[in-house]
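This report is meant to be read with the sequence and the three-dimensional structure in view. Please look over both before going on.

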Amino acid sequence: MTRNVDGSTAWSATPTCSHPSASAVWPPSGIALAAILLWGVRLWPGIFLGAFAVNIVSAESVVTALSIAAGNTLEAILAATLVFRFANGPNAFEQTKNILKFILLAGILSTALGAAIGVTSLSLGGLAPWNNFFDIWLTWWLGDAVGNLIVGSLLVLWVAQPLLPIKAVQVLEA
């Protein structure tokens, strides 16, 4: 929601209120998702530590940084678990129906959880006002979704799908 000059409100496609902890593009969420999809959930401690290291710099309390890191880690685990269960894991990009499932599960649903935990942590820690919760949540969710959909999918495709050898005849045809 945006507040107009006359005091009325209107819906807007762009977040109007943000927070230093929320970014409209957050590549680490995609990196975490790809890591778990490709090499397993056993990597969660590294994701947690990385998220904690990033958040301890910007958060004013260890508890807030720990809870945000937990939310980031749970988001990646949930996304990977759902993609494995319903979208054929790292092979999700082989069929259109699985690509759509990847978008829904890794791009929309799991990121909503991560954003909710993150913004709730900021608000409970007194680092973000409750009245800006939705605007900050929207920015956070968008950043994680973009990270998962663009960075995560590219990393999975890059590692899981080997490049096919190119023949000279194919180059001439192109």
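In what order do the elements of the protein run from the N terminus on? They run β-β-α-α-α-α-α-α, and the protein has 6 helices and 2 strands, where helices (H or I, at least four residues) and strands (E, at least two) are DSSP runs numbered from the N terminus.

This is a predicted model, in which local features need pLDDT of at least 70 and side-chain atom pairs count only at pLDDT 80 or more, while totals for chains, interfaces and linings use all residues. Residues are numbered from 1 along each chain as its sequence is written, and side-chain values use heavy atoms, with hydrogens and water left out.

Of the 174 residues in the protein, 37% are buried, a term that means under 20% relative accessible area, with exposed meaning over 50% and partly exposed lying in between (1.4 Å probe, protein chains only).

**How the helices pack**

Two packed helices are described by the angle between their axes and the distance between the axes. Here the axes are lines fitted to C-alpha atoms, for helices over the stretch in contact, and the angles run from 0 to 180 degrees between N-to-C directions.

| Helix pair | Angle between axes | Distance between axes |
|---|---|---|
| α2 (residues 44-58) and α3 | about 140° | 8 Å |
| α3 (residues 62-87) and α4 | roughly 165° | within 8 Å |
| α4 and α5 (residues 133-160) | about 140° | 8 Å |

The axes of α3 and α4 cross at roughly 165°, and that makes α3 roughly antiparallel to α4. Angles under 35 degrees count as roughly parallel, over 145 as roughly antiparallel, 65 to 115 as roughly perpendicular and the rest as oblique. With an angle of about 140° between α2 and α3, these two helices are therefore oblique to each other, and α4 and α5, which also pack at about 140°, are likewise oblique.

The handedness of each pair can be given as well: a crossing is left-handed if the near helix is turned anticlockwise from the far one by less than a right angle, and right-handed if clockwise. The crossing of α2 and α3 is right-handed, that of α3 and α4 is right-handed, and that of α4 and α5 is right-handed.

F86 belongs to helix α3 and is partly exposed, at 41% relative accessibility. Its C-alpha atom is separated by 8.4 Å from that of F102, a residue 16 positions away along the chain.

N88 is placed in the loop between α3 and α4, and with a relative accessible area of 41% it is partly exposed. The phi of N88 is near 70°, a positive value in a residue other than glycine. Most residues other than glycine have a negative phi.

The C-alpha atoms of S121 and S67 are separated by 6.2 Å, although the two residues are 54 residues apart along the chain.

I108 also has its place in helix α4, which covers residues 96-124, but I108 is partly exposed, with a relative accessible area of 37%. Together with L100, I103, L104 and L109, I108 makes a nonpolar surface patch of about 420 Å².

How values were computed
Patch = residues over 30% accessible without salt bridge, like charges linked within 9 Å, V, L, I, M, F, W, Y side chains within 5 Å. Areas by Shrake-Rupley, 256 points an atom, 1.4 Å probe, with all protein chains shown as cover. Salt bridge = Lys/Arg side-chain N within 4 Å of Asp/Glu carboxyl O.
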